[in-house]
Amino acid sequence: MDPQPPPICREAWEGCSVLLDINDGDRLAFFRLTPGATVKIGNKTCSLKPLVGRPFGSLFRLGAGGLVPCAAADATSRDDANGQTQDETRDNRSLVDNNTAQNLSSDDIEAMKRDGATGDEIVEALIANSSTFGNKTVFSQEKYKLKKQKKYAPKVLLRRPSARSICETYFKKTPARIGFMRVDTLSLLLSMANIGAYSDVLVVDMVGGLVVGAVAERLGGTGYVCSTYLGSAPSSIDIIRMYNLSSDMVSRIVQAPISALCSMQSSGNTPSVVNSSAEGEMIEPAVDEDAQSSLAQQVDTAVPDEKAQLSTDQPSDMEVSEPSLDEHLVQDENSSLGGKDSDGTLNASKPPKPGKAPSPEKMKYWKEHGFSSLIVAAPGHEVERLVADMLPLLSYSAPFAIYHQHLEPLAKCMHSLQLSKMAIGLQLSEPWLREYQVLPSRTHPHMQMNAFGGYILNGIRIHNPDRVVANK
């Protein structure tokens with residue numbers, strides 16, 4: 001019987017991956033807590049050792065010796081101020097921004113820093129020496145405090161890398177890396193594909209491993225995730241390293257080429273997947289039955305160097321001055337620190353790499369029973385033919401969900417499935433998400449939101465012996 005899901009670790013441990021939220025989302029970066037890991041905040045480089053053993057959600061401030069945990073009163077003071085309802089009778093109509101309201105000069109601030117003053121003390125001194133602070137509205141005062149705090153007393157929030165936080169971070173900083181997939185779209189994919197414990201999920205992940213990691217996280221060490229790919233070289237799934245998955249979870253992530261999976265079907269089903277290349281379109285050839293026995297050798301020899309994949313997968317429109325979100329994880333790739341086992345104990349060896357070849361027993365089981373669900377996230381490939389080859393690998397009545405950032409490819413795929421009568425319950429939807437600001441007397445939708453999160457086509461695979469698959 002499959003093992004039970006491992007317990008969730010609520011504290012950061014040495015060797016784990018963490019997400020640092022600096023100054024309330026101004027900067028987001030992934031780090032691995034190795035002994036020599038550091039983060040640069042402003043002009044100061046701080047060690048990440050104080051984060052080890054601290055619970056996720058802890059707030060740190062920049063002190064004289066590095067990162068210092070914030071007291072509970074300091075962490076909640078701003079929330080308490082926002083929660084107070086006050087009679088507002090002041091306004092800012094008489095305030096003039098002429099740079100004469102501040103009596104504290106830059107030389108005075110530098111002298112305070114040399115004397116060992118903390119960032120909070122500098123902020124309080126700036127407030128005390130401002131001639132217009134008392135005349136501002138409460139909302140303007142909070143904005144002024146926040147602006148000075150980000151400059152002189154930056155805060156660092158320790159966050160757990162999860163499917164939600166990882167997706168939100170990449171969507172905010174480098175959305176092209178994950179195919180412009182929003183967090184509500186990812187959650188709908190998992191829901192529409194009915195991902196649950198002890199499922200065998202077939203995934204076509206061409207968004208860096210975001211979907212594979214989210215599926216493995218939801219399975220919790222039960223079932224299997226089979227990540228398939230086009231051609232001979234597997235797609236990069238390096239984002240999985242940020243999920244802090246246990247050894248049991250990682251061992252249940254396997255990779256196999258589409259040609260090998262299609263060879264499990266009857267000899268009459270020839271793969272018709274189109275592999276786009278610079279020279280044109282190439283039809284994937286059929287694979288003999290002997291390819292199944294040599295699947296492990298195919299996958300092991302086809303895995304390229306992870307660092308090379310990371311360098312080629314970065315979007316071209318990234319700012320050169322900004323380091324990549326996972327650059328710190330790449331630097332620590334040669335670290336000997338491991339993850340945690342299912343019982344919560346620290347594993348001193350290197351964490352197992354996901355994406356091994358499935359065992360012959362599993363391949364035989366999938367050939368006889370099929371996969372329980374399918375998720376496709378391949379924005380750069382032809383969805384219609386890809387889905388036509390993937391659906392026969394599913395068991396009957398198995399759900400599937402297909403993501404694409406454009407509507408037209410999914411509309412063509414939906415029309416093809418309707419004609420071939422391969423699926424029922426087809427639904428093409430556009431996820432929609434709106435975030436609200438909820439504050440006293442200031443509740444309204446956020447002024448700046450992303451209005452686009454891609455499209456999803458979902459349905460249920462059925463058996464139709466008389467279907468005719470059109471291969472264009």
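Modeller: Two rings of Phe, Tyr or Trp form a pair if their centres lie within 6.5 Å, and planes over 60 degrees apart make the pair edge-to-face. Keep in mind that this is a predicted model.

Colleague: How many aromatic pairs does a search of the whole structure find?

Modeller: The search finds five aromatic pairs. Take Tyr224 and Trp366: their ring planes stand at 80 degrees, with the centres 6.3 Å apart, so this pair is edge-to-face.

Colleague: Which parts of the chain does the pair link?

Modeller: Distant ones: Tyr224 belongs to strand E9 (residues 224-229) and Trp366 to helix H14 (residues 360-369), and 142 residues separate the two. Ring pairs also bring in Phe371, which forms a cluster with Tyr224 and Trp366.

Colleague: What lies over the face of Tyr224?

Modeller: Arg252 does, at 5.0 Å from the ring centre.

Colleague: Are Tyr224 and Trp366 buried or partly exposed?

Modeller: Buried means under 20% relative accessible area. Trp366 has 2% relative accessibility and therefore counts as buried. Tyr224 has 23%, so Tyr224 counts as partly exposed.

Colleague: Next, the sheet. In what order do the five strands stand?

Modeller: Strands of a sheet pair through backbone hydrogen bonds, either parallel or antiparallel. Here the order is E2-E1-E7-E5-E6, in an open sheet with antiparallel pairing. Strand E2 (27-32) and strand E6 (66-69) are at the edges; each has a single partner strand, so one side of each has no neighbour in the sheet. From one strand to the next, the twist averages 35 degrees.

Colleague: How many bridges join strand E5 to E6?

Modeller: Four bridges join E5 (residues 59-63) to E6, and the two run antiparallel. Leu62 is found opposite Leu67 in E6.

Colleague: Where does Lys155 lie, and is Lys155 buried or exposed?

Modeller: Lys155 is part of strand E7 (residues 155-159). Its relative accessible area is 16%, so Lys155 is buried. Leaving aside residues up to four places away in sequence, Lys155 touches Asp21, Ile22, Asn23, Leu59, Phe60, Arg61, Cys70, Asp120 and Gln149.

Colleague: Last, helices. Which residues of helix H3 are buried?

Modeller: The general idea is that an α-helix has 3.6 residues a turn, so residues three or four places apart point the same way. In H3 (residues 119-128), the buried residues are Gly119, Ile122, Val123, Ala125, Leu126 and Ile127.

Colleague: What covers the buried residues of H3?

Modeller: The cover includes helix H2 (106-114) and helix H4 (138-152).

Methods. Residues numbered from 1 in each chain as written. Predicted model: local features only at pLDDT ≥ 70, side-chain atom pairs only at ≥ 80, totals over all residues. Heavy atoms only, no water. Buried < 20%, exposed > 50% of the residue type's maximum accessible area, 1.4 Å probe, protein only. Contact = heavy atoms within 4.5 Å. Phe/Tyr/Trp six-rings, centres within 6.5 Å; stacked < 30°, edge-to-face > 60°. Lys NZ or Arg CZ within 6 Å of the ring centre and 35° of its normal. Pairing = 2+ DSSP bridges. Axes fitted to C-alpha atoms, helices over the stretch in contact; angles between N-to-C directions.
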